[in-house]
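Biologist: I would like to go through some of the words used for this structure. Please set each one against its definition.

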Amino acid sequence: MSALSTERETGPASRPPFLRSLAGIFLTGNTFVITALAFFSALVIGAVIIVFATPSALQAWHGFFASPGAALGPSWKAIADAYGSLFAGSIGSPTAIAKAFATGSPADVTRALTPISETLVAATPLMMAALGIALAFRAGLFDIGGQGQMILGAAGATLGGFLFPNMPAPLHIAFALLVGAAFGAAWGFIPGILKAKTGAHEVITSMMLNYVALNLLTYLLTSPLYQAPPRVEAISKAVVPGARLPLLLGHSLRVNLGFVIAVLCVIGVAWLLKRSSTGFRFRMLGLNREAARVAGVNIELQYVLAMTLAGMLVGLGGALLVQGVDFRISPLYGGSIGFDGITVAILGRGSPLGVALSSLLFGAFTAGGRTMQVNTSIPLQLVQVLQAVLVLFVAAPGVIRTIYRIKVLHGGGRIFGGWAG
Amino acid sequence: MSAEKSGKRAALGSGSRKDSAAPIQPELRRNLEALRRRSFGIALFALAVIIFYFAFGNAPSAATVFSLSAGPAIALPLIHLPLVATEIFLGIVCALLGVAQILWRTNRRIYLLLGIGLAITGVAFLAWAGKGQSVDVEGLLITSLIEAVPLTLGALSGLLCERAGVINIAIEGQFLVSAFVGALVGSATGNLWAGLVCGALAGGLIGLILAVFAITYAADQIIVGVVLDAFAVGLTSFFLQSVLVPNQAALNSPTVFDPIPIPLLNRIPIVGPLLFNQNIFVYLTILILAAVQIGLFHTRWGLRVRAVGEHPRAADTVGINVKAVRYRNVVLGGIVAGIGGASFTIGSTGQFAYNMTAGLGYIALAAMIFGRWRPLGALGAALLFGFTDALQFTLSVLNVPIPSSFLTMFPYLATILAVAGLVGRVLPPAADGQYYARE
Amino acid sequence: MRLRLNGITKRFGDLVANDRIDLVAEEGEIHALLGENGAGKTTLMNVLDGLYQPDEGAINLDDKPVRFSDPGDAIRAGIGMVHQNFMLIPTFTVAENVMLGFERTSRFGFLDRRRARAEIEELSKRFGLEVDPDAMVGELSVGQQQRVEIVKALARDAQVLILDEPTAVLTPQETEELFAVMRSLRSSGRTILFITHKLKEVLAIADRITVIRLGKVIGTTIPEKTGEQELAAMMVGRGVELQVAKAPAKPGEVVLEARGLTVVDASGALAVDGVSFDLRSGEILAVAGVQGNGQTELAAAVTGLALEVGGTVKIQGRDLTGEVPKAFLRAGVANVPEDRIKDGLVGDFSIAENLVLDVYDEAPYSRGGALDWKTIHATAEKRVAEFDIRAASIHVPAKTLSGGNQQKVIVARELSRDIKLIVAAQPTRGLDVGSIEYVHGRLVSARDAGAAVLLISAELDEVLALADRIVVMYRGRLVGPFPAGSLTREEIGLLMAGIHVEKAAKGVGM
């Protein structure tokens, strides 16, 4: 008990009441404002990086003192092009939308809707990954095994998708999804049981399992079970059409049932956390493990349960990706989605709604990033940098407050403990 | 050891004040110790069984050759090992160790015996895997040491930070950034030393960012570390694509540090090429290791650092500036990790490749934990992990019937086993990961 | 050195912890600062110590004004503080702890352990503070650790020593030893500031007494001119009942039966060593003893929180030895833990959520795995009113409540269940007098309603006030039980120090 705590026994709650006025929100650094400013700051940093990566813009700075306008011009153009493509590729270009309204032809409508469709497609596996990771967060666990869990889920769904080619369609979809979810759950189970039984920190075990999964995938892709017969490179058999997720908006747009399933999962996890006893237990565990133990929670069981559920959700994300978009898996499948899921979960502050919104944002970034790379040859990785910077600022609101001189209401917070939990 | 036990700690002045309680009943303690001895002994027996398995199904004439010479060392004769006889011999030794363990009265050296048993099993495995071929044992040892260099430096970096109470998960990111900068600067300037210094500084810069977010702004340290890792991956691959690839020759083709032979000493068999014929990174690692070991436990600086990591408030009340100590250590840790990262490019392969550190930053953390937050322990753990890494190269050369993918998994699986087997029993610095403010 | 405080004021947001405090302590004087928990004593000492800066007012040493911007300044000026929670590092040796910040070094900053050792030995002899410089602090007894803290202060040549609640963790015996040390320090010309809330001690040792309440100085006096009643009244601001009004106990069936209980604590030592007792419904059994003699582990054993338990624990005849906490909860055991913030509440949960912390999965709060928030909130409103919990609403986080209100939440939660046994460990530690009275009242009424109460307390006054029967715990073993009133205060004190008393040998009462 700190010396300080004995000094506040008398009197009412010592913190000032929450200021609800609009002015109060702006003055005291409300979360939404912080997030918006963090976003803005990340864009600024991204802009600087864009300038560095565009030789013409960089060159122009040589003549800065001679004529500032000439120096700024190319830079501004580079930034505008990059962010413009980002926007056009994720939400839509105003010209394409106008045209679609004007002509109403399917081709034009498709073109107008493609960015949004791509955004939703990119957001789906991200949402699932972030959901699983956020769930683990709430229980006080740091699951960075998303990459591995996603690979396992995809591998499972692929297996379920080609093993029984004659299964009737709706059943086959469900079957493949289940296999994927189960594989992912198993990959989440391992760090969970290790933590419960040996106290091994899940950061290291889940991270190591990522690399094990990557190597396992390489192995599977060259094994007779998985390898597609006529091909010699490492690529799997295809998921049969009966196991593929139906498209939502016609043949030319990739958005599929996976998005709906992801949203349903968000709702499910929200219900779990707020309204179920299991969710209550998870939240207790995440906020104060000792008190949870005293209150009778079986901590080991909850750790295993939380990690398994997290793995299941992430694995399901991998399944949705395979059955909805790619239909085959190849080495390094899933890319960095497992890690992006961490940043999305942090941005969403561990709440299902926050996760959903943040994954839409990052999905937009991803989709837009591809267009940006095509149009301006700025590498796609800029998006990752933007995301990381954004989350850094969100994780330490104090930095934003200092930069923009916003008054502090509360101090920072510690979400995770040290190696012993 | 369950999750609960690993979380317990007798904390001073935090509510559980302990009078010197009566010593544990002699019987109870004896029983627990005997149980432990027995299980370690059984483990040794299990290893012996594995060794005997290696002996099976081999023609009596099967033999393996161990080569122990390399480089400028005085050449040693090749060691011819008749397979069956060797395996049986080693199996018996291991079994005897198991018996000794069970019969022994004390629990001292319990880990040492297990270590010896594991080493014997390793030798037996090599003999089996290299059946009918020549196994370059010296090469294996040298590669283990080289692989262990970044792991050791990474572990030392983590140690410097955690001993002061700050968790540094960003080692992976520090590796990547410094590898990148080292290659870039070394290539652009043609000067490897410039590359090394800039790489180290790059690592220090990442450390500074971590310090600012964690120490001044109280952000969760694990989150900041993981995000910095993602940031580093994104940043380095971004600039790899946009700047290095188009200018490969000018910006991504540094030369590599040559080995610096120490005359005479490097001619000693086995040890010579291992320790005295290496490049600057190995020598730097040894120097830094010694400096940290002596510094932490025998100087005023070390005492203050450890105090800050164990009980920052106590340190504060005697006038130590907790934040300053933490800042210094985190940046220093970043610099050490930066040196480790530079070894990936200008210390070995030369070019920077996408995400080339392959999770070694995390394995370095595991080495730190495995080494109980002590420099020498971290070295031992790093050597062990380096060995598993080197082993996969050797095994792939030997055409062992294990798919290469599984061989690559070796170090990672070993890490999981190590962390799961030990963590419940070790204690990090008491204030590790906790934000401190005077309120 | 003469110490003078003029008008010291310190605020934390809206809370005025110290309000224009004036104090004078002469050279060679033991000056007691008396006040209840929350009065502002520790804040004042932290100001003196350099940890906080006063918002207003001045500190004078030997009539020269001084300013401390950090603890280092205070130490250099000759102020040495022995904190209530020791500022010692368990994994360091005594010498390392004493040296910290003031290290004895040879060339290049290498530690000179030999010199440090010699200095500590010299100080030990001079003031009668026996410590072994090479012992690991984590393995020392509490009394020994306190001595290390004092040596630490003296090693820096402290002329003013501040002792913050030093006797909270000492047996009466050790307290006498501490008083001897204090007198020896006084005769060497040092000034001692002694902070406490224990009236008897103040009258025994102090030269002058200053009483502070709610941040203000109420008055200064000397022991000859005052008595317990008057001091208590000054401390609290009204007449204080030093006794609790309670009807005689009506014990019924045996609720808790312990036989040969052994518990091994986290460090592997035997904390509870063959404890046996019975506890019946409708009575309060108080386990007296200085903290650290196994009480924490005993409480853990009868609530399912101990990890390695030997012997038997039976609740209403059912053997629950070694069962999980949940089993004990279901059997009707209520737990009011020692550390309310760490073990009793989830600080970030609302009051409503905390009120169902261990019953959320039972009807009516949940059905088939789903929580019924309406019922939970309605019940929370009821409890808040019933237990007089002062808060803005049932939705505020528990960490924003004062200590007294936090304890009320825990008490409300535990006493509202269908309980057979209450295990209350240090239930009024750190609470203001009003909350203490409240909690005592609740425990007594629970007893009258038929519950069995196991009260574990290091506060002798609390034990004497509440107990129907008393046992004393020393080094893992119990002495007693004795009926309340059959032992004098002094006798209990001796038992707490492990010294046998005639009555114990006769094995009175069961």
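Biologist: Why are helix 6 of chain A and helix 14 of chain A called oblique to each other?

Modeller: First, this is a predicted model, in which local features need pLDDT of at least 70 and side-chain atom pairs count only at pLDDT 80 or more, while totals for chains, interfaces and linings use all residues. Residues are numbered from 1 along each chain as its sequence is written, and chains are lettered from A and ligands numbered from 1 in the order in which they are written. The axes of helix 6 (residues 106-138) of chain A and helix 14 of chain A cross at roughly 60°. Angles under 35 degrees count as roughly parallel, over 145 as roughly antiparallel, 65 to 115 as roughly perpendicular and the rest as oblique. The two helices are therefore oblique to each other.

Biologist: How many residues does each chain give to the contact of chain A with chain B?

Modeller: Chain A gives 57 residues and chain B gives 53 residues. On the side of chain A that touches chain B, helix 9 of chain A supplies the largest share, eleven residues.

Biologist: Which stretch of chain C has pLDDT below 50?

Modeller: The pLDDT is the predictor's confidence in each residue, from 0 to 100. Chain C has a mean of 86, with 96% of its residues at 70 or more. Residues 505-510 of chain C fall below 50.

Conventions: Two residues are in contact if their C-beta atoms, placed from the backbone, lie within 7 Å. Helices (H or I, at least four residues) and strands (E, at least two) are DSSP runs, numbered from the N terminus. Axes are lines fitted to C-alpha atoms, for helices over the stretch in contact, and angles run from 0 to 180 degrees between N-to-C directions.
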